[in-house]
Amino acid sequence: MTNTVHPFNTDTDVISEGNKAHSTLLNHTKPQPIAIEGSGLYFMLEDGRKILDAISGGAAVNCLGNGNKELTEVFVNQINKMAFSYHQSLGNEAAEGLANYLVEKSDEDFKSAVFLNSGSEAVEAAIKLAREYWVKMGQPQRTQIISRFPSYHGTTLGALGVGNIPSRRDVSEPLLAKNVYHVTSPQYKRQSYVNKTEEEYSLRLSHELEEKILEIGSENIIGFIAEPVVGAALGVMPPPKGYFPLIKKLLNKYGLLLIFDEVMSGSGRSGGDGLFAYKNKQISEDLDLVKPDILTMAKGLGSGYVCISSVLSNEKITNKIRESGGWKNSHTYQNHPVNCAVARKVLEIFERDNLITSVNERGEQLISELKEATRDIETIFDVRGRGLFVGVELIGSSTLTPRLAARVKDKAFENGLLIMAISGTIDGVEGESVILAPAYTVTKEQISEIVRLLAKSIKEVIIELD
Ligand code: PLP
């Protein structure tokens, strides 16, 4: 498996305009453009430029845009009322309230929740929780996890070990868990078996998973982790037809747990009827069958106003853990009252303002206008997505056209549009795509403007490359 280009491009060419040689922040080799103010879907930069944000703050986070006064009010009120209490010492109303809200919105698919601070923490906690379930079930030999390649589940050592993007793992590789196996992550149009139907492709991938289960020995496996819609690893990739029902049937057959990582695709981002991506019929297909045992959330949950993530677990996990005195996982800021109060308000605003309906409608508009506007651009290979979670795949081998998506991202920024670029060839499969995931409050006019600016940027990059 080879990975030739870093799939996350944090350094952009436009960055070089600053007058410092480098940023004091360690991630960045060049000074970044500094955003001094955010309002709705716009960022105002230090140099006076105004940028339209088509990616919710840069990483599909800020689902309500900047400057939401209701959230500010809840934040300040909660700090005034009670800024902090340590979860092991005292409970708090905000965390209890948010947990109840999520359980209710899941139609009780889940019976409990915990709140952490980042997506990576949630993924690690989900794995620990799944492992603990099996230990409490008297099956401590279950130590192996099956994940997919490529996949991104976070950046801390545990989460990095679960995911697989070689360029992200490289220096940390010797430190990563050795109990994780990776099977192919579906990318129907890119793979060489395009002449097969989506259903046949899904069947092939389910056979691969079954072979892996048999190779490891089902009695040694904790479970399988996947994103319902792949985000950063593949530039938004919804599952092919039939995929999750086949996978879930297999997991049931061998008695393995299903962990859905909805850090990026959840909290309403992928549309459907509510907060959870797996409850979108266009993702899971069979809603009675495809239910996860454990689910992670982050990003949109706090919408960038607070740093919060969550791990939800179903009845069997919840009961088993409770039987033996509750869960020992403990972070200082777990179930933080301010984070939970703000997240609850975020979700209430989604519901009160019918924003998931807007996600569906604006998402459909985005995809159809993108298809229309890019019809004459030969380099467009695919426009795909669910809800307001959309990927535009640009043909062009990253060897022939290095960093094509990153160049489009830089050009879009010059043109006043913020998007995300995923560049890289993974296992010989080209992957040059940009992600669009604007705030749920995006207007019809702003969608058209996003499409116009992106199409213009792609065309300008093509002309420059000729
Ligand atoms: N899981 C998925 C699917 C993600 O997309 C991400 C981040 O992009 C993470 C986990 C890690 O979340 P965080 O960056 O908040 O640690």
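**Close-up views of a predicted model**

**View A. E460 sits in helix 13.** This is a predicted model, in which local features need pLDDT of at least 70 and side-chain atom pairs count only at pLDDT 80 or more, while totals for chains, interfaces and linings use all residues. Residues are numbered from 1 along each chain as its sequence is written. Helices (H or I, at least four residues) and strands (E, at least two) are DSSP runs, numbered from the N terminus. Is E460 buried or exposed, or in between? E460 counts as partly exposed because 16 C-beta neighbours lie inside 10 Å. For that label, a residue is buried if 20 or more other C-beta atoms lie within 10 Å of its own, exposed if 12 or fewer, and partly exposed in between, with C-beta atoms placed from the backbone. E460 and G40 are 420 residues apart in sequence, and their C-alpha atoms are 28 Å apart in space.

**View B. Helix 11 (residues 355-373) meets helix 13 (residues 444-465) with axes that come within 10 Å and cross at roughly 30°.** That angle makes helix 11 roughly parallel to helix 13. Axes here are lines fitted to C-alpha atoms, for helices over the stretch in contact, and angles run from 0 to 180 degrees between N-to-C directions. Angles under 35 degrees count as roughly parallel, over 145 as roughly antiparallel, 65 to 115 as roughly perpendicular and the rest as oblique. The crossing of helix 11 and helix 13 is right-handed; a crossing is left-handed if the near helix is turned anticlockwise from the far one by less than a right angle, and right-handed if clockwise. On the helix 11 side look for R362, Q365, L366, E369, L370 and A373, which meet K444, I447, S448, V451 and A455 in helix 13. Two residues are in contact if their C-beta atoms, placed from the backbone, lie within 7 Å. By class, this contact of helix 11 with helix 13 holds six nonpolar, two polar and three charged residues. Ala, Val, Leu, Ile, Met, Phe, Trp, Tyr, Cys and Pro count as nonpolar, Asp, Glu, Lys and Arg as charged, and the others, Gly among them, as polar.

**View C. Helix 6 (residues 198-216) and helix 7 (residues 243-254) have axes that come within 9 Å and cross at roughly 20°.** Helix 6 is therefore roughly parallel to helix 7, and the crossing is right-handed. From helix 6, S202, L203, L205, S206, L209, E210 and I213 meet Y243, L246, I247, L250 and Y254 of helix 7. Sorted by class, the contact of helix 6 with helix 7 has nine nonpolar, two polar and one charged residues.

**View D. Helix 3 (residues 119-136) packs against helix 9 (residues 315-323) at an angle of about 65°, with their axes 9 Å apart.** Which way does helix 3 pass helix 9, left-handed or right-handed? The crossing is left-handed. Helix 3 brings L129, E132, Y133 and K136 to the contact, and helix 9 brings I317, K320 and I321. The residues of this contact of helix 3 with helix 9 divide into four nonpolar, no polar and three charged.

**View E. The shell around the ligand has 15 residues.** G119, S120, G154, V263 and M264 come nearest to the ligand, where a residue is near a molecule or strand if its C-beta atom, placed from the backbone, lies within 6 Å of it. Helix 3 supplies the largest share of the shell, three residues. The shell divides into six nonpolar, seven polar and two charged residues.

**View F. G387 lies in the loop between strand 11 (380-386) and strand 12 (389-394).** G387 counts as buried because it has 28 C-beta neighbours inside 10 Å. Leaving aside neighbours within four places in sequence, G387 is in contact with R269, S270, G271, G272, V359, N360 and G363. A277 is 110 residues from G387 in sequence, but 9.5 Å away in space, C-alpha to C-alpha.

**View G. Some backbone details deserve a second look.** Most residues other than glycine have a negative phi, and most peptide bonds are trans. V236, not a glycine, has a positive phi of about 65°. V236 belongs to the loop between strand 7 (221-226) and helix 7, and V236 is buried, with 30 other C-beta atoms within 10 Å. S267, also not a glycine, has a positive phi of about 55°. S267 is in the loop between strand 8 (257-262) and helix 8 (281-284), and its 29 C-beta neighbours inside 10 Å make it buried. The peptide bond from F149 to P150 is cis, with omega near -10°; P150 is in the loop between strand 5 (144-149) and helix 4 (157-162).
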